[in-house]
Amino acid sequence: MMKGGYTGKILRVNLTTKTIGTIDTAKYEEFGGGHGIGSAVFFDLVGDQLPFDAFDPRNCIIMMASPFSGTFMPGSGRCEVQGLGPMLYPIEWFGHSNFGGRFTAQLKFAGWDGIVVEGASDEPVWINIVNDKVKIESANGIWGMDTWDTQEEISRRVVPDLKYGEWAELAENCFTTQIPAVVCCGPAGENKSRLGALLHGPGSQAALCGFGGVFGSKKLKAISAIGTSDVPIADPKAFMDARLWYRRFQWDVDNPREAERFGTGGPYALISGRPSGGNTLNRDIPLTPARAAACASCPRGCRMRLATSDSNESVCGGTMTITVQGSTKFTRQGNDLMQKYGLGHWQLIPLMGYVQTLYRKGILGKGKQIDTDLPLDRNGTFGYADTLMRQIALREGIGNDLSEACARFAEKIGRYEEDVNSGELSLAYYGTANHYDPVIEAEWGFGSLLGERDLMLHMMSNYPIHWMAWSGDPYLTAEETAKLYTDAMEPYQGDPFMVDHSDGPTGIYSDSKVKQVAWIKHYEKFWVGAGGFCGWRWPMCITNNTADRRGPTPRAEEKFWNAVTGNNLTFADYMEIGHKIYTLDRSIWVLQGRHRDMEVYPDYIYDRPTRGHDMTMYIDGKWKYDTGAGRKLDRAKVEDFKTRFYKFEGYNHENGYPTRATLEKMNLGKVAAALEKKGRLG
Amino acid sequence: MPGDKKAGNKESNVKKGLSRRDFLVAGGTVAAVDALIASTPAKAATPSPPAAATTYPASEGYLVYDSKKCAGCTTCMLSCSLVHYGVQNLSRSRIQIIQDSFGKFPNDIQMAPCRQCKTPVCVQNCPVGAAFVDTENGNVRRIDSSKCIGCRTCLKMCPQQPHRTVWVVIDGKGKSSKCDLCLDTPYWNEKGGPGGKQACVETCPMKAIKFVAVMPEQKETEGYDVNLRNDHWLNLGLVDNSTVVPKMDLTWRILPGGEE
């Protein structure tokens, strides 16, 4: 019996049959919530039918909340989206993406732990959730709108007499002052672009995997949720005490102490949770008046809302994809245009770069081998950005091919092997872009390679260390960092070499690194995935907000989860559930065709000497910050690392398939049966 | 853009609230109040209000706030709901944060805690005395939901928009409630009320809510919506139209730090 955190039911909508049903959450409680339950539901519904295409009506879009959604658990406002991802390459892997804001909070207040969308409609529709009332509505008049107009129009349709700043009575005794939370695809998604993102609010974007395109393939424009009911908490007093205890780890806005010493403009401040810094487009003098803007329950508020309202709630890639030379204002509006089209920024960045590369090489342009009327000589102008994005979103001209995303576009023009292996097209992981240097910050690379797309988990070890070292004035020595960081990494704590980024015997190919990568995958699957944590907030193993520099990890996770759910497990217990979820995900990939031979980097990552970056390294018996410049990745050592990783996780090292023993130990016997049926049991 | 239209709505609502409050407080007669009740349909039979007091002892506590500092995380709302009811529910919160993600700063957020009014119209007009001034606890204006008969008079009469009386479902029945400055928090191990702690104040990560013992100036919003920011806030690069723009580089002024 679930005590707290869950509402008890998952919404199940079939767009082909236009039926609405429920799934009992309790049936999946062993998977925690969020990503864990999403994977288990996906396997149960369509696992035996794999493989099939992402735009096949059998593909499910699963949007899960977590037990923390709708609560004040710090940094837990994400919505996990899962399904086959049309952006991913060469196989449209079972993927995940997530977005912030307040969608999952409203979903929980409406009484739902998640949504499963199956089938495909023959006419454009949207799903209207008001508490337990769920309707499949016609999207007439909405289909074709950009993501911002869509949200405004749907809010109007959900609460016709909504007056901002007043209470609305949604039904007898059901009052709210809140605006419906809407997530939708834009024109890009409608046209089944593999860059299609999901947008919620002006800038909260599920950018990876192309789930906007899956919405479009189902003729699903949007989902709206608003609710007025309770999210139960198993131990309210313990939960309140935990929240008050957590304050010591926050950036103190009235007195940030030494955190402020390092400046407030750089990404270094992200480590300590500085409010508002995620929007990079409000740094010109005079500053535009603005506030820090938070997702539901986030004590940080990394976003901004501006007096001009442009770039509201966009961060990082949402503010850095489009650059209009000489104008911050047009740059903000250019990025907003990307949000309105519903284009995924983390795919648009390498795609735009690749288009310019081909143009400079004389391959792409007017009258060239790849003929296009794009005004390519006007790169850096608003007009160019608008034209390019419109063509992609609407599949006009060259945009029809570009809309297939980087990898498939390169394949179509016959340049994939050459350009990806040379690094001219800087993809690294299954069609997603290279990010942090896998040659130095190996855990990022391995964590991505052994997943299904770029890791995109910024608070994992490389990131706080990367930016602390980058500051030139790190508040911890390399030795202190290694010790403190790995002290928090239960159940593998006490091995500082997990964050040794040298290529020596204890470095990036070592057994210590195997443990670190396993820790990252397990944390990713349970705390970030099942718990709905923000990757810009969790884990927090070190911080300069506390005197002893220790962050809330691992104490906070366990403390909060148990208070909310009424469970009584340890951090290590939950990490083992993360291991189980990762094994389930891996099994689904194997059903789709994954083999260890596919888990390799493009050639350029092995062969190109790296420029390096300051990271913690153990060299000649001493810890130091060093760049590793000039290093190349050794193919044989990478393969040996993989072999030890598979063994460590309980998979067959020859093919990377999970074994029967591992699956049965995890109560995943039916998964073993499915793999065996395909001849792919490890 | 959507924000423009909604911000416009908000502005007109504020103006509407001002005139309504002016009418109630300035007029202050039972007849005027009755006329308003009659003009809106009630969910339950509305007995005649008891003879209304003309003056009330001032509350010994108030919540002031800084709507330009608020980040809209709603932690205050969920804290309020948790300590009073043991659950998480924005609709049960006695402080409401209303926001439009598409809106323009500062009109994108409206903070709406109870004002502990000098002349508490909810108390003045409750037909059964469920709304009362708690003279044993700092004169806090409270509602005893167990006595509420569900007539919704206090919802309609509250001069603020949104009304600061909050409709909650208790044992299947709709009841009114309101901020009690955390006097009655069965799910929190802290003493509340004047002299105690308030959940929203304690958990707000932006320190945008503050308890004060002196009655704020009784204007529409100015007395309550105050500046709680200091120079450290400017160091974040967050300015409003009334503040001096700080120099924006990585060599910020270092202000004296405190102890851990």
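The model is predicted, so local features need pLDDT of at least 70 and side-chain atom pairs count only at pLDDT 80 or more, while totals for chains, interfaces and linings use all residues. Residues are numbered from 1 along each chain as its sequence is written, with chains lettered from A and ligands numbered from 1 in the order in which they are written.

Chain B has seven helices and nine strands (DSSP runs, H or I of at least four residues for helices and E of at least two for strands, numbered from the N terminus). Of its 260 residues, 50% are buried, meaning that 20 or more other C-beta atoms, placed from the backbone, lie within 10 Å of a residue's own.

Over in chain A, helix H15 (residues 462-470) is mostly covered, with seven of its nine residues buried. Among them are Tyr463(A), Ile465(A) and Met468(A). The cover includes helices H14 (442-449) and H16 (478-487) plus strands S22 (615-619) and S23 (622-626) of chain A. After H15(A) comes Gly472(A), with a positive phi near 80 degrees.

As for where the chains meet, 72 residues of chain A are in contact with 66 of chain B (C-beta atoms, placed from the backbone, within 7 Å). On the chain A side, H6(A) gives the most, with seven residues. Strand S15(A) is joined by two bridges to strand S2 (residues 87-88) of chain B, and the two run antiparallel. Here Pro232(A) has Val87(B) as its bridge partner.

Conventions:
Buried ≥ 20, exposed ≤ 12 C-beta atoms within 10 Å, placed from the backbone. Contact = placed C-beta atoms within 7 Å. Pairing = 2+ DSSP bridges.
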